[in-house]
Amino acid sequence: MRILAMRADRPPSNEAARVTSPPYDTLSTAEARALAKDNPLSFLHVSRSEIDLPDKTDPYSDAVYQGAKAYFAKLRKEEHLVRDSEPAIYIYEQHWRGRIQRGFVALCHVDDYENNVIKKHEKTREAKENDRLKHNLTINAQPGLVFLAFRDDATTADLLSDGGKGKPLYDFTDENEVRHVAWRVIGSQVGEIVAAFARVPTAYIADGHHRAASAYRAAKKFKADNPNHTGNEPYNWFPACIFPASSLRILPYNRVVKDLHGLTPEELLAKLREVGRLTVNANPSPELPGQVSVYVQGKWYGLELEVPAAAANPIARLDATLLQDRVLAPILDIADPRTDTRIDFIGGIRGTEELVKLVDSRAFAVAFSMRPVTLAQLMEIADAGEIMPPKSTWFEPKLRSGLFVHPYS
């Protein structure tokens, strides 16, 4: 891997809690507007600038991108975002629900993205790519961190520990009760970290496929417009937080379906018994491969599906694949979960209580609680050059936007 220290635009230490925000794609417009309503410093005025325009404004209109540019300039002019005095790598730590994950914030090279040194496991949507591309080009910066994972090694573990000592640069708690702590690393330690990552063969995008793809496309455009391109210009790099895989945990991504495709609940249960072993009063959170918990008509059922042999394609062994191929498509007629409006996906952070609420309210007819994908599965699939089913992974906590912004000039 090629990494580089960055001269970030970042908030003063005493303003980080007010300036930084959740990633742009984790909130609806209404949620973003409510969160930023009484906070003129919130980075949501940049990342979701439609919140400052009239209701029902097209979020892809020129007015939205120009509004982002103006607000970004305002935050910089008023020194709520200040350019770092010299390049640095940061140690970024998140505390949430009794767990700590700690990683390196640095710049990664778009060539590593293109050449699959940085591996993907998810398809991107062109509309979302185009949106972030236009946003980044308009504000002339990459404002959101890409969330990367790599296989642990002793050298980086020591550097991660050594870099996170002494008084932190940031220490604040966000609106979701996540504590964010960061230290600034400069001097000789930077070279040691860069050298250590030069020996890391690959990293994996955990979260932020659209951020990475838009950074890559921005670099291609800048390159095409620059006859003196060298490959070292700021636009060739994008900001990321790179975590050792052992520190991360993936939450499940559950499914809810609006109707039973003409079946009664009893008929659905009968069909489920034909494809697997069905038990009553099951644990809402399945624990073993091939297990899915099903909530219908006020009860939890456990469905055990046969898992293909270890030699099979790693995609075929995923619980999401088993559910799709044996239940959602043949029984409920959901052929393409990416486009079918009858299915929705509920992040595991909301808990199985949210599934019960949605079905009991009759907004949905049935819910499927999934076992979370493991980091080992994610890396195996990415190594095989495969793409995971949609909505397979939910990483929590999220990285803050506006904490370390990478300007293109």
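Which hand does the crossing of helix 6 and helix 9 have? The crossing of these two helices is right-handed, where right-handed means that the near helix is turned clockwise from the far one by less than a right angle, and left-handed means anticlockwise.

Before going on, a word on what you are looking at: this is a predicted model, in which local features need pLDDT of at least 70 and side-chain atom pairs count only at pLDDT 80 or more, while totals for chains, interfaces and linings use all residues. Residues are numbered from 1 along each chain as its sequence is written, and side-chain values use heavy atoms, with hydrogens and water left out.

## Helices that pack

Two packed helices are described by the angle between their axes and the distance between the axes. Here the axes are lines fitted to C-alpha atoms, for helices over the stretch in contact, with angles from 0 to 180 degrees between N-to-C directions. The helices (H or I, at least four residues) and strands (E, at least two) are DSSP runs, numbered from the N terminus.

| Helix pair | Axis distance | Angle | Crossing |
|---|---|---|---|
| helix 4 and helix 6 | within 9 Å | roughly 40 degrees | right-handed |
| helix 6 and helix 9 | 8 Å | about 55 degrees | right-handed |
| helix 7 and helix 8 | within 10 Å | roughly 155 degrees | left-handed |

For naming the angles, under 35 degrees counts as roughly parallel, over 145 as roughly antiparallel, 65 to 115 as roughly perpendicular and the rest as oblique.

Take helix 4 (residues 62-77) and helix 6 (residues 126-139), whose axes cross at roughly 40 degrees. That makes helix 4 oblique to helix 6. The residues that meet (contact means heavy atoms within 4.5 Å) include Tyr65, Lys69 and Phe72 on helix 4, and Lys134, His135 and Ile139 on helix 6.

Helix 6 also packs with helix 9, at about 55 degrees. So helix 6 is oblique to helix 9 as well. Among the residues making this contact are Leu133 and Leu137 of helix 6, along with Ala213, Ala218 and Phe222 of helix 9.

Then there are helix 7 (residues 154-163) and helix 8 (residues 188-197), crossing at roughly 155 degrees. That makes helix 7 roughly antiparallel to helix 8. Their contact includes Thr155 and Leu159 from helix 7, and Ile193 and Phe197 from helix 8.

## The nonpolar cores

In soluble globular proteins, nonpolar side chains tend to be buried together. A nonpolar core here is a set of buried Ala, Val, Leu, Ile, Met, Phe, Trp, Tyr and Cys residues joined through side-chain atoms within 4.5 Å. Buried means under 20% relative accessible area, with exposed over 50% and partly exposed in between (1.4 Å probe, protein chains only).

The largest core has 38 residues, and those touching the most other members are Met1, Ile3, Cys108, Leu148, Phe197, Phe238 and Ile242. Helix 9 (residues 209-225) gives the largest share, six residues. Apart from this core lies another one of 36 residues, with Tyr90, Ala206, Met379 and Phe404 among them.

Phe238 is worth a look: beyond its neighbours within four places in sequence, its contacts include Leu107, Cys108, Tyr113, Ala215 and His406.

## A few residues up close

Is histidine 209 buried or exposed? At 2% relative accessibility, histidine 209 counts as buried. It sits in helix 9, and its side chain reaches the backbone nitrogen of histidine 121 at 3.1 Å. Leaving aside neighbours within four places in sequence, histidine 209 is in contact with Tyr113, Lys120, His121, Glu122 and Thr124.

Histidine 95 belongs to strand 4 (residues 89-96) and is buried, with a relative accessible area of 19%. Its side chain makes a polar contact with the side chain of glutamate 93 at 2.7 Å. A polar contact is a pair of N or O atoms within 3.5 Å; within protein, one must be able to donate a hydrogen and the other to accept it, and residues adjacent in sequence count only if both atoms are side-chain atoms.

Glutamine 324 is in helix 11 (residues 319-328) and counts as buried at 12% relative accessibility. The side chain of glutamine 324 reaches the backbone oxygen of isoleucine 334 at 2.7 Å.

Finally, helix 12 (residues 351-360) has several buried residues, including Leu355, Leu358 and Val359. Their cover includes strand 14 (253-257) and strand 18 (343-347). After helix 12 comes arginine 362, with a positive phi near 70 degrees.
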